[in-house]
Amino acid sequence: MRLLIFSGTSEGHALCRFLSARGAHADVYVATEYGKAVMEPLPGMTVHTGRLSAEQLSGEIGSGALVVDATHPYAREVSENLRAACRDSAYLRLLRPCIEEAGVTRVPDAGAAAEWLNRNASRALLATGSKELHVFTSVSGYRKRLFPRVLPSAEAIAACTALGFPASHIIAMQGPFSKELNTALLKQIQADVLVTKDTGMAGGFAEKVAAAREASAAVLVISRPVEESGQTLDEVQRLLAERLGLWEPPEIPPRFPLFLPLAGCCVLVVGAGAVAARRVRVLRRFGARVRVVAPENRAGLENVILRGFLPSDLDGAVLAVAAADDRAVNRQAAALCAARGIPVSVADRAEESTFYFPAICEGDGLVAGLISTDGNHRKVRETAAQIRNLLTGGAK
């Protein structure tokens with residue numbers, strides 16, 4: 001049975017990694033070159049790029065195929081076309097669960113969001129992407145009041161400039177983002193409102209809402225276009241494993257913790273955003289000579305080399321941290337480190353890391369490092385806080 005995955009979400013990427021690790025083969029379809037660039041090469045996954053019409057979808061799918069629709073929950077037309085094209089093939093919808101948050105204002109679509117902004121003279125961070133950005137040009141004074149956050153692709157940035165948004169208002173970054181970074185952005189642009197879609201847990205929706213509360217900003221949520229039925233990522237993975245008879249890879253044992261002397265050693269950090277800043281502070285605390293390379297110093301770090309990453313930046317480094325906003329840059333840094341035998345921590349892809357950057361807990365002459373074996377970062381934060389409290393005498 002031919003397996004086709006129409007991706008464009010982190011869940012789609014995760015499904016591809018799951019299938020590749022189990023020896024499956026699939027044709028993966030993404031809309032843009034940027035979508036292809038953020039997907040790491042995976043054995044058995046053949047990536048196709050380009051937007052397809054309804055007729056083209058029917059031709060690609062044919063009959064007797066198994067189709068997984070892992071497109072964005074707001075890509076309504078694509079999902080409708082996929083369902084129509086699967087008359088003679090099996091169709092699975094991979095859903096991103098909604099998150100119910102109290103204290104937010106919900107509107108049905110981007111047009112209603114623009115009307116709301118017109119009634120409320122506010123500065124707003126538009127975390128809605130570039131596809132419907134033209135709708136917000138109806139907002140009075142939008143060039144001064146609105147700050148679109150879009151993907152760091154030439155297509156998205158060109159869309160912003162074509163609509164008249166000044167360069168100083170365009171925030172080109174790859175998400176999802178932490179609460180801290182969202183908070184910093186809202187405060188930096190002095191936003192009164194955060195406009196977002198219900199992107200679910202994988203899309204950082206909870207972090208956006210928490211950041212808005214900390215920055216005293218209102219949250220305006222554009223509701224999903226339709227209520228869909230389908231399966232979660234775990235459910236789709238189980239279903240495909242059963243239907244395709246996939247073998248289960250052997251369990252990977254946990255990583256062994258090591259404590260290394262870093263005093264006077266050179267450590268490269270690629271990126272100068274919020275995540276990179278946290279890594280730099282810890283590394284300097286342990287005596288490392290940190291070399292930071294980034295095209296923009298958003299976190300206000302000292303001694304940043306303001307340019308893009310070069311392979312020569314790894315010269316003399318004993319460790320590296322890839323924490324750029326650009327997935328392609330992090331992937332390049334990880335590959336170069338692997339070729340040169342330099343341990344690397346990749347902020348946006350744990351599976352590409354040769355070492356994990358732990359949460360550090362210090363106190364009473366003790367140092368502990370904490371990581372998660374199941375990817376639960378919230379559990380790490382909460383447990384690390386408890387350990388720090390214990391080490392500093394806050395708990396008995």
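Biologist: What should I know about the model and its numbering before we start?

Modeller: It is a predicted model, where local features need pLDDT of at least 70, side-chain atom pairs count only at pLDDT 80 or more, and totals for chains, interfaces and linings use all residues. Residues are numbered from 1 along each chain as its sequence is written, and side-chain values use heavy atoms, with hydrogens and water left out.

Biologist: Thanks! How many helices and strands are in the chain?

Modeller: The chain has 13 helices and 18 strands. Both are DSSP runs numbered from the N terminus: helices are H or I with at least four residues, strands are E with at least two.

Biologist: What makes the chain as compact as a globular protein of its length?

Modeller: The globule rule, 2.2 Å times the number of residues to the power 0.38, is set against the radius of gyration taken over C-alpha atoms. For 396 residues the rule gives 21 Å, and the chain has 22 Å, which is close, so the chain is as compact as a globular protein of that length. Its C-alpha atoms fill a box of roughly 65 × 55 × 50 Å along the principal axes.

Biologist: Why is Asp-69 called buried?

Modeller: Buried means under 20% relative accessible area, exposed over 50%, and partly exposed in between, with a 1.4 Å probe and protein chains only. Asp-69 has 0% relative accessibility, so Asp-69 counts as buried. This residue is found in strand E4, and its contacts (heavy atoms within 4.5 Å), leaving aside neighbours within four places in sequence, include Phe-6, Ser-79 and Tyr-91. Across the chain, 44% of the 396 residues count as buried.

Biologist: And why is Gln-174 called partly exposed?

Modeller: Its relative accessible area is 22%, so Gln-174 falls in the partly exposed class. Gln-174 is found in the loop between strand E9 (171–172) and helix H8 (179–188). Not counting residues up to four places away in sequence, Gln-174 touches Tyr-34, Val-38, Leu-151, Pro-152 and Asp-325.

Biologist: How do you know that the span of H10 agrees with its length?

Modeller: The expected span is 1.5 Å times one less than the number of residues. The twelve residues of H10 (residues 233–244) should therefore span 16 Å, and the end C-alpha atoms are 16 Å apart, which agrees.

Biologist: Which residues of H10 are buried, and what puts them on the same side?

Modeller: Leu-233, Val-236, Gln-237, Leu-240 and Ala-241 are buried in H10. They cover an arc of only 130° around the axis, so they lie on the same side of H10; the arc is that of the directions from the helix axis to the C-beta atoms. The face turned away from that buried side carries the exposed residues Arg-238 and Glu-242. The buried residues of H10 pack against strand E1 (3–6), helix H1 (10–21), strand E4 (66–69) and strand E5 (90–93).

Biologist: What is the strand order in the open sheet, and which strands are its edges?

Modeller: Five strands form this open sheet in the order E3-E2-E1-E4-E5, with parallel pairing. The edge strands are strand E3 (45–49) and E5, as each pairs on one side only. Two strands pair if DSSP finds at least two bridges between them, and three bridges join E1 to strand E2 (residues 26–30). In that part of the sheet, Leu-4 stands opposite Asp-27 in E2.
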